[in-house]
Amino acid sequence: MKFYLRDSLVELGMEAIVLAKVSNVDPNAPLTADLEEYIATSEDLAAAYDREAIRVHSVIAGYREKMQKIDKSVKKNPPTAEALIKNIQRRGSLPRVNSIVDLYNAEALHSFLAIGAHDYDTITDFVEFTRASEPTTFTPIGSKNKQVEIGDIFYRDQKGVMAYLDARDGEDYKITQKTKNLLLIMQGNANTNVMIRVAALTRVCDNIQKICPNATYEIAVVTQKADTFFE
């Protein structure tokens, strides 16, 4: 599988995309006691966050600035971690989906980085990180079709849109109980360097290995200077 980073994103300060391919996973694997404690601690952390302090944090501010640069409403399209924190403060706990989703959501509560997660085996031929040059449609997980406007940030494969505005993942590529291989993506923003994102994805992958002992992973960085492939 090949990955392409287009000029339209580089112009927004997204000069590199960090990826991880994780093989031989089991979303149904139970969390260890230590990881359950990690998630509980993450929930407590989120519940105690001051929302105004979160809004001005450099990582969150970077996502907000990215939306503003493409003339999208930040109120309608808040940074993923900010929206997750608000959700936890309202309901009192992290929404639980499956062990893998729960682990990368917990990481987002610490690093504030948006993580796209997809079933690797549903992706066709390539992934292109770009902005829409013409209107199209996108089906978010658990929702109805959404209109993608010219200039919107998204990434896609040969079949369609995989994720939209660094905030919503696509229904056709979601992690299910049958998922065996993952593609994790951190697009980041102008305030998030590659080292920070690699470290965050490494933590997620290491935690997945704790519940899936046969899992292996590789991390790559997509730039315009060198081709990036996963077998």
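This is a predicted model: local features need pLDDT of at least 70, side-chain atom pairs count only at pLDDT 80 or more; totals for chains, interfaces and linings use all residues.
Local features are reported at pLDDT of at least 70 and side-chain atom pairs only at pLDDT 80 or more, while totals for chains, interfaces and linings use all residues. Residues are numbered from 1 along each chain as its sequence is written, and side-chain values use heavy atoms, without hydrogens and water. Helices (H or I, at least four residues) and strands (E, at least two) are DSSP runs, numbered from the N terminus.

An open sheet contains six strands in the order β9-β8-β7-β4-β1-β12. Its pairing is mixed. Two strands count as paired if DSSP finds at least two bridges between them. Strands β9 and β12 (228-229) form the edges, each pairing on one side only. Strands of a sheet pair through backbone hydrogen bonds, either parallel or antiparallel.

Strand β1 (residues 2-5) runs parallel to β4 (residues 126-131), with four bridges. Within that pair, Tyr 4 has Glu 128 as its bridge partner. With β12, β1 pairs in the antiparallel sense over two bridges. Here Lys 2 stands opposite Phe 229. The side chains of β1 alternate. Phe 3 and Leu 5 point to one face and are buried, where buried means under 20% relative accessible area, exposed over 50% and partly exposed in between (1.4 Å probe, protein chains only). Phe 154 stands opposite Tyr 164 in β8.

Helix α6 (residues 99-111) has 13 residues. From first C-alpha to last, α6 reaches 19 Å, close to the 18 Å expected; the expected span is 1.5 Å times one less than the number of residues. Twelve of the 13 residues are buried, so α6 is largely enclosed by the rest of the structure. The packing partners of these buried residues include α2 (33-48), β3 (116-119) and α7 (194-211). Just after α6, Phe 112 takes a positive phi of about 65°.

Thr 179 lies in the loop between β9 (168-169) and β10 (181-186). Its relative accessible area is 0%, so Thr 179 is buried. Its side chain makes a polar contact with the side chain of Asp 119 at 2.8 Å. A polar contact is a pair of N or O atoms within 3.5 Å; within protein, one must be able to donate a hydrogen and the other to accept it, and residues adjacent in sequence count only if both atoms are side-chain atoms. The Thr 179 side chain also reaches the backbone nitrogen of Thr 176 at 2.8 Å.

Conventions: Contact means heavy atoms within 4.5 Å.
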